[in-house]
Amino acid sequence: MMVNCRTILRALPALLLLLLAARCAPVDVPAMKNAIAELRASKPDACVVYFVHWGGNYTWKNEEQTATAQALRGAGVDLVIGHGAHMMQEVVHDGCGWIF
């Protein structure tokens with residue numbers, strides 16, 4: 001799915017931004033999958049963005065981040081944005097969406 005800024009701006013009423021700090025609460029992938037299914041039942045064009053605080057400071061991504069990001073994408077998240085490492089980590093395109 002190709003998403004650009006104009007698409008997002010047009011879809012703002014249906015845009016779901018999920019802000020969750022992984023160090024404050026664990027990532028609950030099954031709950032996310034259920035929430036996304038409920039959202040898409042009423043708003044099929046919604047763009048789901050998961051913004052998560054994760055990773056060690058000044059390090060490259062780790063296996064836990066990779067597995068969690070892939071699980072979130074599998075649950076229906078369109079864009080995973082991680083932050084908190086104090087440096088740019090690897091960016092991945094899985095063929096359908098982006099993981100930053």
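**Order of elements and strand pairing**

From the N terminus on, the elements of the protein run α-β-α-β-α-β-β-β. This is a predicted model, in which local features need pLDDT of at least 70, side-chain atom pairs count only at pLDDT 80 or more, and totals for chains, interfaces and linings use all residues. Residues are numbered from 1 along each chain as its sequence is written, and side-chain values use heavy atoms, with hydrogens and water left out.

Student: How many helices and strands does the protein have?

Tutor: Helices (H or I, at least four residues) and strands (E, at least two) are DSSP runs, numbered from the N terminus. On that basis, the secondary structure comes to three helices and five strands.

Student: How many bridges join strand β2 to strand β3?

Tutor: Two strands pair if DSSP finds at least two bridges between them. Strand β2 covers residues 48–53 and strand β3 residues 79–83. They run parallel, and the number of bridges joining them is five.

Student: Through which helix does the chain cross from β2 to β3?

Tutor: The β-α-β crossover is right-handed, meaning that, with the strands pointing away from the viewer, the path from the first strand over the helix to the second runs clockwise. The helix comprises residues 63–74 and is α3.

Student: Which residue in β5 stands opposite L79?

Tutor: Strand β5 consists of residues 98–99 and runs parallel to β3, to which two bridges join it. The residue of β5 opposite L79 is W98.

Student: What percentage of the residues count as buried?

Tutor: Buried means under 20% relative accessible area (1.4 Å probe, protein chains only). Of the 100 residues of the protein, the buried share is 28%.

Methods
Buried < 20%, exposed > 50% of the residue type's maximum accessible area, 1.4 Å probe, protein only.
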